[in-house]
Amino acid sequence: MFESGPRIFALFGNPVGHSLSPLMHNTAYCEMQINASYVPFCVRNLEEAVRGIRGLGIKGVSVTIPFKSEVGKHLDGLEESSDRIGAVNTIVNEGGRLRGYNTDWIGFVRDLKEFMPVQGKTFGVLGAGGAARAILFGVLSEGGNPVVLNRTAAKGEALAKEFGCSFLPLSEIGVLKADCIVNTASVGMAPQKENSPLEERALGKFPCVVDIIYNPLETKLLKDARKAGCRTRSGLGMFVHQGAEQIRLWTGTEPPVETMRRVVRERLEENARN
Ligand code: NAP
């Protein structure tokens, strides 16, 4: 049977209206001269949406909030890291068999290694939600030493135990010696730009602070950290690298990472001005 028309890739989430993934992916396919279209779907019924991947011959899907931990059970198999993290952000349609991957941890590690060495360094990972799981997996896989910091002790302790690392209540951050703090909580994300999970006075002793939020590009946490003399990194690079890895999985071709970074950055700067 002949295939005609563009290859279709999709985003499944709810909501998806503000996602920058369509802009980033479609710009990449255009530059790569791949006849493909990346379409956002606001999913109401996940199981039926997954069935639609097979029915419509969609080649690959990005999965976002609130479906990352739920979607795995509807797939035919999981790649090892997504199984361990307990979240799927990427589906690959391998000839009708749907396989779940996690590229968030890869995106995080690629960007982190551009920013600082990881091996043997200590990372205070703030939060104990789905994103924290990907960050812990990434830090551990690169030989780093993560310490979970969480407001609710029981949740943080359970996560640290699962990943075989240590735990400290967030309120005791004063005693932590770490090379870097990584914020994985969504506190400070637009539109709540004035919020931060940490007080400014807690930051100065850490050489580096990473916030995996990318909207805004500089969160209040990063602003405070910069003022306190820390080196800072936003979630933009993680976002771009997790998308780039999806493109590699779906097309087997190297994506234009710098173009992807530029279009997302420009759109975020434009949004911040308006
Ligand atoms: P989440 O559900 O918002 O995070 C939950 C954790 O944040 C919980 O452990 C919670 O602590 C903690 N938390 C919430 N409010 C807090 C506060 N005021 N002070 C201290 N801790 C607080 O986050 P998620 O779903 O894991 O991750 C979502 C975030 O990751 C979003 O910001 C998203 O944009 C970002 N992300 C970025 C990328 C990227 O490519 N850059 C990729 C994936 C995700 P308790 O346990 O005490 O409630």
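Tutor: Helices here are DSSP runs of H or I with at least four residues, numbered from the N terminus. Keep in mind throughout that this is a predicted model.

Student: With that in hand, in which helix is the place of T251?

Tutor: T251 belongs to helix α8, which spans residues 236–251.

Student: Is T251 buried or exposed?

Tutor: A residue counts as buried when its relative accessible area is under 20%. T251 has a relative accessible area of 17%, and therefore it is buried.

Student: Which backbone atoms does the side chain of T251 reach?

Tutor: The side chain of T251 reaches the backbone oxygen of I247 at 2.7 Å, and it also reaches the backbone nitrogen of T253 at 3.1 Å. Beyond residues up to four places away in sequence, T251 touches R7, F9, Y29, M32 and I34.

Student: Now to a whole helix: which residues of helix α2 are buried?

Tutor: In helix α2, which covers residues 46–56, the buried residues are L46, A49, V50, G52 and I53. Because these residues cover an arc of only 150° around the axis, they are on the same side of α2. The face turned away from that buried side carries the exposed residues E48 and G55. As for what covers the buried residues of α2, this includes β1 (7–13), β3 (60–63), β5 (90–94) and β6 (97–101).

Student: What caps the N-terminal end of α2, and what follows the helix?

Tutor: N45 caps the N-terminal end, with a side-chain oxygen lying 3.2 Å from the backbone nitrogen of E47. After α2 comes G57, whose phi is positive, near 70°.

Student: How do I read a sheet, and what is the order of the strands in the open sheet?

Tutor: In general, strands of a sheet pair through backbone hydrogen bonds, either parallel or antiparallel. In this structure, 6 strands form an open sheet in the order β9-β8-β7-β10-β11-β12, and the pairing is parallel. The edges are held by β9 (166–169) and β12 (231–233), each of which has a single partner strand, so one side of each is left without a neighbour in the sheet. On average, and with direction ignored, neighbouring strands of this sheet are turned by 20° against each other.

Student: How many bridges join strand β10 to strand β11?

Tutor: There are 4 bridges between β10 (residues 180–183) and β11 (residues 208–211), two strands that run parallel. Within this pair, I181 stands opposite V209 in β11.

Student: Which strands does helix α7 lie across?

Tutor: Helix α7 (residues 220–227) lies across β10, β11 and β12, and it runs at about 170° to β11. A225 is found in α7 and is buried, because its relative accessible area is 0%. Leaving aside residues up to four places away in sequence, A225 touches L203, V209, C230 and T232. A225 and L198, which are 27 residues apart in sequence, are 9.7 Å apart in space, C-alpha to C-alpha.

Student: Finally, how many residues surround the ligand, and which are the closest?

Tutor: The ligand is surrounded by 24 residues, of which the closest are A128, A131, T152, S186 and I212. K155 has a polar side-chain atom that lies 3.3 Å from an oxygen atom of the ligand.

Definitions and conventions. Residues numbered from 1 in each chain as written. Predicted model: local features only at pLDDT ≥ 70, side-chain atom pairs only at ≥ 80, totals over all residues. Heavy atoms only, no water. Buried < 20%, exposed > 50% of the residue type's maximum accessible area, 1.4 Å probe, protein only. Polar contact = N/O pair within 3.5 Å; in protein donor to acceptor, adjacent residues only side chain to side chain. Contact = heavy atoms within 4.5 Å. Arc of directions from axis to C-beta. Pairing = 2+ DSSP bridges. Axes fitted to C-alpha atoms, helices over the stretch in contact; angles between N-to-C directions. Near = heavy atom within 4 Å.
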